[in-house]
Amino acid sequence: MYSKKLMEHFLNPRNKGKLEDADAVGRVGNPVCGDVMHIYIKVKDGRIEKIGWETLGCAAAIATSSMLSELAKGKTLEEAMKISKKDIADALEGLPPIKMHCSNLAAEGLHKAIENYLHKGEKIKELMKVMSKEDAEALFKAGITSLEELKKAPMEEIANAVSKEGLEKIRKFLKK
Ligand code: FES
């Protein structure tokens, strides 16, 4: 069912793991299966200098994260924005049609990370309507970058990122 290339990336994933010094994170969930992916980027002179990822998902999701990281590394933000799910699937020598949504997740996660990077100031400002700057920055680092996303994020993930006071404010806002 899976190509040789895909299995190779699944068994030997590249650039796996969180980037502690990331400039931005793209956090995406897969509505089809409920899996979650984080793509971390470090940008230098307009290029993706470093990339990392954490993926809770199937073999195809792991392999697409790995391949995406190889495709995106060293690219300008503009070039990286153009990486599509088809590019990733092609580079993996094809994906079973039923697994195409998994590669969608990787491309979307990267685009989200870039978008967050480019609009960091506005995103933090929006979160600051509900919480302090420190907490807004902590949430941004966890990949939760708008009030809309805050509403959908699991409480546990929010609690892990922000301070106690921040959590109180967020609970009030979410009425939870
Ligand atoms: S089945 Fe969830 S990402 Fe592939």
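I started with helices H6 and H7 and looked up the hand of their crossing: it is right-handed. The model I am working from is predicted.

Next I checked the geometry of this pair. H6 covers residues 120-127 and H7 covers residues 133-141. I read an angle of about 120° between them, with the axes 9 Å apart. Angles of 65 to 115 degrees count as roughly perpendicular and those over 145 as roughly antiparallel. H6 and H7 are therefore oblique to each other.

Which residues make the contact between H6 and H7? From H6 I noted Lys120, Lys123, Ile124 and Leu127. They meet Ala136, Glu137, Leu139 and Phe140 in H7. I sorted the residues of this contact by type: five are nonpolar, three are charged and no polar residue takes part.

I then turned to the domains. The domain assignment gives domain 1 as 4-118 and domain 2 as 120-174. I looked up the separation of their centres, taken over C-alpha atoms, and found 24 Å.

How many residues does each domain bring to the contact? I found seven from domain 1 and seven from domain 2.

I went on to the side of domain 1 that touches domain 2. Two elements give two or more residues to this side: strand S1 (24-29) and helix H5 (100-118). S1 gives the most, with four residues. By type, I logged three nonpolar residues, three polar and one charged on this side of domain 1.

Definitions and conventions:
Residues are numbered from 1 along each chain as its sequence is written. This is a predicted model: local features need pLDDT of at least 70, side-chain atom pairs count only at pLDDT 80 or more; totals for chains, interfaces and linings use all residues. Domain bounds come from an automatic or database domain assignment. Two residues are in contact if their C-beta atoms, placed from the backbone, lie within 7 Å. Ala, Val, Leu, Ile, Met, Phe, Trp, Tyr, Cys and Pro count as nonpolar, Asp, Glu, Lys and Arg as charged, and the others, Gly among them, as polar. Axes are lines fitted to C-alpha atoms, for helices over the stretch in contact, and angles run from 0 to 180 degrees between N-to-C directions. Angles under 35 degrees count as roughly parallel, over 145 as roughly antiparallel, 65 to 115 as roughly perpendicular and the rest as oblique. A crossing is left-handed if the near helix is turned anticlockwise from the far one by less than a right angle, and right-handed if clockwise.
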